[in-house]
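My notes are in the order in which I looked things up.

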Amino acid sequence: MDNTRVFKMSFAGVYPHYINKAEKKGRTKEEVHEIILWLTGYNEQNLQQILENKTNFEDFFNQAPQINPNASKITGVICGYRVEDIEDKLMQKIRYLDKLIDELAKGKAMEKILRQ
């Protein structure tokens, strides 16, 4: 599978879809930010710069200050793949984020989403 296209996609291009998905289910933009910051170690200021600069997914994850050590506890199926079985580490991180946003939209408590 050629993941290059996904890696080169702008994070800012996908970000509004994360927000829409959450808000349609009664969740908030702040909760989406909490998830993104928890997973990547970025802060709000970093996130705003990433969105303004239209940083691609590859750079977004490669430049992340620290992927949360509990990210490995994220399991389940997203887009037909088990996230824990995805071999490409970058694609796995992208799918981790997709999975967390899915859990938020499905009404899971933040403590469970953030694997606390």
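This is a predicted model: local features need pLDDT of at least 70, side-chain atom pairs count only at pLDDT 80 or more; totals for chains, interfaces and linings use all residues.

Setting aside neighbours within four places in sequence, I found Phe 11 in contact with Tyr 18, Ile 36, Leu 47, Ile 50, Leu 51, Thr 55, Asn 56, Phe 57, Phe 60 and Leu 97.

Next I looked up the nonpolar core. The largest one has 38 residues, and Phe 11 is among those with the most contacts inside it, together with Ile 35, Leu 39 and Leu 97. I noted α2, α3, α4, α5, α6 and α7 (110-113) as the elements that give two or more residues to this core. The largest share, eight residues, comes from α6. For context, I wrote down that nonpolar side chains in soluble globular proteins tend to be buried together.

I then turned to α2. Which of its residues are buried? I listed Phe 11, Ala 12, Val 14, Tyr 15, Tyr 18, Ile 19 and Ala 22. Viewed down the axis of α2, they fall within an arc of 155°, so they line one face of the helix. That buried set packs against α3 (29-40), α4 (44-53), α5 (57-62) and α6 (89-105). On the face turned away from the buried side I found the exposed residues His 17 and Lys 24.

Last, I looked at what flanks α2. Ser 10 caps the N-terminal end, with a side-chain oxygen 3.1 Å from the backbone nitrogen of Ala 12. After the helix comes Gly 26, with a positive phi near 85°.

Methods: Residues are numbered from 1 along each chain as its sequence is written. Side-chain values use heavy atoms; hydrogens and water are left out. Buried means under 20% relative accessible area, exposed over 50%, partly exposed in between (1.4 Å probe, protein chains only). Helices (H or I, at least four residues) and strands (E, at least two) are DSSP runs, numbered from the N terminus. The arc is that of the directions from the helix axis to the C-beta atoms. Contact means heavy atoms within 4.5 Å. A polar contact is a pair of N or O atoms within 3.5 Å; within protein, one must be able to donate a hydrogen and the other to accept it, and residues adjacent in sequence count only if both atoms are side-chain atoms. A nonpolar core is a set of buried Ala, Val, Leu, Ile, Met, Phe, Trp, Tyr and Cys residues joined through side-chain atoms within 4.5 Å.
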